[in-house]
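Try each task before reading its solution.

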Amino acid sequence: MAYAQNFIAVLFISFTFVSTSFSQSILGISPQLLDLFAINRVFRHRKIPNDNALYCDSWRFTVETNNAGLWSRIPERCISFVQDYTTGDRYSSDSAAVADLSLEFANTVKVSNDGMDAWVFDIDETLLSNLPYYVAHGFGSQIFDEIAFDKWVNEANAPAIPASLKLYKELQQRGFTIFLLTGRSEYQRNETEKNMVHAGYRNWERLILRGPSDKGKLATQYKSEKRKELEDEGYRIRGNSGDQWSDLMGFAVAQRSFKLPNPMYYIA
């Protein structure tokens, strides 16, 4: 009964009444309500059954809000959905929205002249996009292959995420000191630096990668420890951008943290 009442309420709100008298009311249905009645939703040039689209969009929501918990690959029924999301306008729009809000916050920070106001960036799916790799590996539907991914990293061809590159440059212009804190390993330093420069990133303060003592640590622990080291050096971590909650949570957290979208994989 409660569901029926809520649905009637939605109908009431969505209807437009155009009338000269109550008895002559004309009932018009809004475009938004017509969309609720659609049998199929179209993503790019492929039709996805409406029940899968709804399920997968809700699943993505639980991922982005960190409610999904530990997961190793996307649901089989969501491969087409994730493909269309990551290669379509929605991903670009979501990334741009996060960047815009990040810059809005940055504009409220009174950046000092001592160079100690810091912004921390993750790299993969934060500054660089590994989408070309995931196109060839099922958009996250396959179990992660570390050897194959390392080969991709060695190619140093990952493109920049446009909204993130713009944010990066805006923050530098405002005087923030940029740190790159990645889960990549120290032996990948040269390839990572080469890729970053090729993608348009310049003049970061420090690139922090996993060393031998960091092997086996969960990302949350590893990145928290590295942020704490920056704080111990006197840096004020104003902002932190990452595509994983493990980039942002733990201790020594930033004044503001910003989560970028990533429905392809999860790192604890």
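The model is predicted: local features need pLDDT of at least 70, side-chain atom pairs count only at pLDDT 80 or more, and totals for chains, interfaces and linings use all residues. Residues are numbered from 1 along each chain as its sequence is written, and side-chain values use heavy atoms, without hydrogens and water.

**Exercise 1.** Find the volume of the largest cavity and sort its lining by class.

*Solution.* On a 1 Å grid over the protein atoms alone, a cavity is a set of points where a 1.4 Å probe fits but cannot get out; lining residues have an atom within 4 Å of a point. The structure holds two cavities of 30 Å³ or more. The largest has a volume of about 60 Å³. Its lining includes Trp71, Trp245 and Lys259. The classes are five nonpolar, three polar and three charged.

**Exercise 2.** State which helix gives the most to the lining of the second largest cavity.

*Solution.* This cavity holds about 40 Å³ of space. Helices H5 (89–106) and H8 (162–173) each supply at least two lining residues. H5 gives the most, with four. The lining has five nonpolar, four polar and no charged residues.

**Exercise 3.** Describe the largest pocket by volume and lining.

*Solution.* A pocket is an open set of points with protein on both sides within 12 Å along at least five of seven lines. The largest has a volume of about 1000 Å³. It is lined by 43 residues; Phe144, Glu146, Gly183, Arg210 and Ile267 lie nearest its centre. Helices H6, H7 and H10 and strand S6 each give two or more residues to this lining. By class, the lining has 17 nonpolar, eleven polar and 15 charged residues.

Note on methods
Points joined across faces, edges and corners; volume = space filled by probe spheres on them. Nonpolar A, V, L, I, M, F, W, Y, C, P; charged D, E, K, R; others polar.
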